[in-house]
Amino acid sequence: MRGRYVIAGLGHTAYGKLGLDTVTLNVQACAEALSDAGIDKGAVDALFVKTPTSNREILYGQKVAEGLGIQPRWGGAWDQGGAANITLIAWAMMAIESRQCEIALVSYADNPRSGSSAVYGRPRGNDALHGWFSTAAGYGMIQRRHMIEYGTPPEAFAAVAMAARRHGAANPKAQLRAEISLEDYLASPWVVEPLRRDDCCLVSDGAAAVVVMSAARARSLGIDHAVPILGIGEGQTSWELPARETLTSTEAVKAGRLAFEMAGLRPADVDVAQLYDCFTITPLMTLEDYGFCAKGEVAHFVADGRIEIGGELPINTSGGLLSETGMPGMQLILEAVRQVRGTANLQVQGASVGLVSNQGGTMHTHAAMLLGG
Amino acid sequence: MTVTDELQPDIDSINRPFWEGLAEGKLLFQACGCGHRWLPARAFCPACLKATWTWQAAIGRGRIRSWVVYHHAYHPAFKDRLPYNVALVELEEGPRLLTNVLAPNDALRPDADVRLAIDIHRKVPLAVFELVEGQAT
């Protein structure tokens, strides 16, 4: 499948507090993606959407299709947390490969800023009687264990936050455009210790979408900025935190291996990476699990601006979830496409291989994708 | 600690013995004939998918695997307890659970030994732990 499918178009809405419903947001992003690909909506015969995290609705995929005024053969809404975007691109590739459809839209929208963000602070079953609430707490539990096992210092987490904020500050479309220093990071208040406020991603309204088709179809349509998908991989633990044998390794190991094998590439071949950064611990563990460095050595890997623009492996070059928008993952795919096209706001010169990670739940699910020109 | 009494557990036919055990001062976990032991309660063993398990009482010793300290209350019942800890404790028998350690937050240490301390006089007794004293810090 290496290089047989492409991302032929991308689109997104503004990010922030938008006061719009999620079907409207999806339609806006999809319309822009179709326009970017230069194709008519009548050519779309598959529509894959991730359910809005903050508000689940029955038959949501059909509501978006109605909003777009299309009658896809394949489509629906998928829930796998933030790993869903890459997963849906994989579904689109497999559906096209087996001749079930030809051109797919993959889209995500949510509006927790205008609607309700209660989902992120929700009680977690009967453990709530112990005060176990929120998405942040689970990541804090993982971060603490990483600090225990490997002595990971605050500077490592700061490096991720500082890179995202620096890149976001340069992005006119980013929601949070303020650089931070190490001192700012260290002074950032605790949310769920060891997580500081600057470790936690934004909560945002917005939508983003991509058009997926075969490379051959893109060529015949004369789409010259289509970006080939080189590799894709998935992994899921599904265990809740207490049941996991380890807290410091994730399904990124499995997903990364599959994606790199399919692409015939190694981590050293990656020019720029967009790594899911719901919390700063996530890209750190993802770098280790993909094999960019040994387990426990990520603090050294991210030191000295190595993951900032101009460094050896710039990550989250449009600001990520920490700075561009809190949207769970699709914006990272868009930025990876822009980097390989050569049209990114902070362009990594000569970027030919881009990596994207998506991750869901409390590191329950993981999806990896490699793009290349 | 009475503030948390505002929250009630969801009790069903599968987890009822766990909550009844706590009311009697016991922490029960499930142990399967295949050797697997676990929490929380399930109808089928998550290892072999059989229902050949029994409830067993933990001896009440465990270790702290990780913990977090809440500086923000996501529910009014916890406002007066801030900052409070939630710890992931591994029982000597193997099962792991989320709990609270009844100690100052800055006294918690990685892999510290803890012992069960159920207050059966609470409206909803909970499996919480205290630090075993005399440990090197």
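**View 1. Chain A is divided into two domains.** Domain 1 covers 5–115 + 204–227, and domain 2 covers 135–202 + 229–372. These bounds come from an automatic or database domain assignment. Taken over C-alpha atoms, the centres of the two domains of chain A are 23 Å apart. This is a predicted model: local features need pLDDT of at least 70, side-chain atom pairs count only at pLDDT 80 or more, and totals for chains, interfaces and linings use all residues. Residues are numbered from 1 along each chain as its sequence is written, while chains are lettered from A and ligands numbered from 1 in the order in which they are written.

**View 2. Domain 1 of chain A touches domain 2 of chain A.** Domain 1 puts 27 residues into the contact, and domain 2 puts in 32. Two residues are in contact if their C-beta atoms, placed from the backbone, lie within 7 Å. On the domain 1 side, β1 (5–12), α3 (84–97), β4 (104–110) and β7 (206–214) of chain A give two or more residues. Helices (H or I, at least four residues) and strands (E, at least two) are DSSP runs, numbered from the N terminus. The most comes from α3(A), with 7 residues. By residue type, this side holds 15 nonpolar, 11 polar and 1 charged. Ala, Val, Leu, Ile, Met, Phe, Trp, Tyr, Cys and Pro count as nonpolar, Asp, Glu, Lys and Arg as charged, and the others, Gly among them, as polar.

**View 3. An open sheet of 9 strands in chain A.** The strand order is β3-β2-β4-β7-β1-β8-β11-β10-β9, with mixed pairing. Two strands pair if DSSP finds at least two bridges between them. At the edges stand β3 (74–78) and β9 (272–275) of chain A; each has a single partner strand, so one side of each is left without a neighbour in the sheet. Neighbouring strands are turned by 25° against each other on average, direction ignored. Axes are lines fitted to C-alpha atoms, for helices over the stretch in contact, and angles run from 0 to 180 degrees between N-to-C directions.

View 4. Ser107(A) has Ala209(A) in β7(A) as its bridge partner.

**View 5. Chain B touches chain A.** Chain B gives 26 residues to the contact, and chain A gives 25. On the chain B side, β4 (61–70), β5 (84–91) and β6 (96–99) each supply at least two residues. The most comes from β4(B), with 6 residues. This side of chain B divides into 16 nonpolar, 7 polar and 3 charged residues.

**View 6. Strand β5 of chain A joins β4(B).** Strand β5 (residues 190–193) of chain A and β4(B) run antiparallel, joined by 2 bridges. Val192(A) has Tyr70(B) in β4(B) as its bridge partner.
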